[in-house]
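Subject: Structure handover

Dear colleague,

Please find the structure below for your review. My notes on helix packing and aromatic rings follow it.

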Amino acid sequence: MQKMTSAAARRTAIAATGLDRPRPDTVTARHLKSVFATMGLAQIDSVARVVRSHYLPFFSRLGPYPRETLDRLLYSSPRMGIEYWAHAAAFVPPQTWKHFERTRTEWWRNDYGQRHPETGEGFRDLQASVLEVLAEGPKSARGVADLVDHDLPERHRGHWGWNPSQVKIALEALFAGGIVSSSGRNDHFERIYALPRDVSAELPEIPLSYGTGEQPQLGLDPAAARRRGVSGTDNDVLELTRIAARALGIARPDDLADYFRQLRAPTDEAIAELLSTGELREVEVAGTPALRWHEARTPRSVSARALLAPFDPLVFYRPRLEWLFDFHYRIEIYTPADRRVHGYYVTPFLLGDRLVGRVDLHRDRRSGILRAHRVTWEPGEEHTEDLVAELCEMAKWLGLGAVELEGTHLPLS
C-alpha cells in the first residue's frame, strides 16, 4: 500500500479540484466548461453575501471571468448544467443527472403526503394539475399557484421556518422525482419549474406514477429506462462514485459518499468495484487508510491563492477538510451572533497547499466596497499582502471600487 504524507495528500486534493492551475489571462467559455467538468458539480445557495455561491468556485480557479458567460452556459441550450438535489441543490451535467435514478426513487418514496388517508387523493390531483399548468411553459411556484385551484389545507404560516404552500410542496415532490425540472431562477432566486423537455433535450421524460404498493414509486420500466438513457441503479451509484473519486483525487469512503449525498452501503459496493478495476487504489495518508483515484496528480508544489466559498467542493464536506488540512471550519451564518467566532460569511483562504486563514467577507454594493470585516490567521500564518491582492482581484471582478480590510480602506491597485 502506498504511503502518502499529509502535504502530498493536500496537493493531490488541490490538483484534483483544479485549484493548482495558473489562472488564464482571458477566461473563455472553454475554461468555464473545463472547471465544471473537473468539479463535477457546482452547489447552489440563496445566500448572496458576496455573490451567489455557484459563481465563486469558478472565480477561485480562473480569476475574473464574465458571469454572463456562465449564465449562458447554465441557462441556455445546450445546457452545461442541470439543477437537481445532487450535493444539496447543485448544477450537474445532464449526463450526470441521469445517474440519480436511485436518489429520485428514494425522494419519491418519502411520500410528500401523496398517501395521506384524508388529503392524499387531493394532493395527487394537485400534482396532476400542476403538470398541466407547466405544459404551458416554465413558471415559479407563485406563477403556478395563480393558475391552480385546490381545497387542501395550507401549512400554518406563523412558523419561523420554511412554510411552503401546498403548490410548492407538490412542485418540490415532482422536482425531487425528476418529473419536473428547473429552467433557471428569477430575480428573487426562486426556482423556475419546467417540464424536462423545456429544459434539455437530454433529460428523459419520467411519468407520474404512484404504483400499487404501500409507498409511491416512480413508474420506470427497466427496458424503457434504458431506451430513454436512464441506467440501472447499481450502475448509477458506480458512476456517481467514479465522478466523485475523480473530482476529489484522494478521499475516504465517507468523503466519496458525501459528494453526491449517497448512502454508504451502495457506495461501499461501488468502491469495491472501482478497486477491482484499478480505478481506485488503497493508500495510507499519515496513518489513515484512504483511496486515491488512479489518474490523480500529486504536484511537487502548488502555488494556489484563493478565497473559497463555503460551498466550494474542496471545503463543503467539513470532516474531509479537517482530515486533510487540519482546519476546523464553520460558515457561521446559522450561528447566533453572540456565539460567532470568525464572522458571518466566513471564507477559507487557500495559499499554496495550506488553508492559512478565515475571512469574513461582505460585498457592500451601495458603497462599492468589498469588506473583509475580520481576518483570522491560523497559528504561525499571516499573509496580508497575498490576501489583499486576492481581495483586490475579487473586488474588480464584482465591479467594486475599493477594499476594506478590518476597517482600513484600500483603493484597488
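Helix α1 (residues 6-16) packs against helix α14 (residues 318-325) at an angle of about 135°, their axes being 9 Å apart. The two are therefore oblique to each other, as angles under 35 degrees count as roughly parallel, over 145 as roughly antiparallel, 65 to 115 as roughly perpendicular and the rest as oblique. Ala9, Arg10, Ala13 and Ile14 of α1 meet Arg320, Leu324 and Phe325 of α14 (contact means heavy atoms within 4.5 Å).

This is a predicted model, in which local features need pLDDT of at least 70, side-chain atom pairs count only at pLDDT 80 or more, and totals for chains, interfaces and linings use all residues. Residues are numbered from 1 along each chain as its sequence is written, and side-chain values use heavy atoms, with hydrogens and water left out.

Helix α2 (residues 29-39) and helix α4 (residues 67-75) pack at about 60°, with axes 10 Å apart, which makes α2 oblique to α4. Their contact involves Ala29, Leu32 and Lys33 of α2 together with Thr69, Leu70, Arg72 and Leu73 of α4.

As for aromatic rings, the count comes to 14 pairs (rings of Phe, Tyr and Trp, the last by its six-membered ring, pair if their centres lie within 6.5 Å; planes under 30 degrees apart count as stacked, over 60 as edge-to-face and the rest as tilted). The ring centres of Phe327 and Tyr329 are 6.3 Å apart and the planes lie at 35°, so this pair is tilted. Ring pairs also link Tyr84, Trp97, Phe100, Phe175, Tyr193, Tyr259, Phe260 and Phe316 into a cluster.

Yours sincerely

Terms used. Axes are lines fitted to C-alpha atoms, for helices over the stretch in contact, and angles run from 0 to 180 degrees between N-to-C directions. Helices (H or I, at least four residues) and strands (E, at least two) are DSSP runs, numbered from the N terminus.
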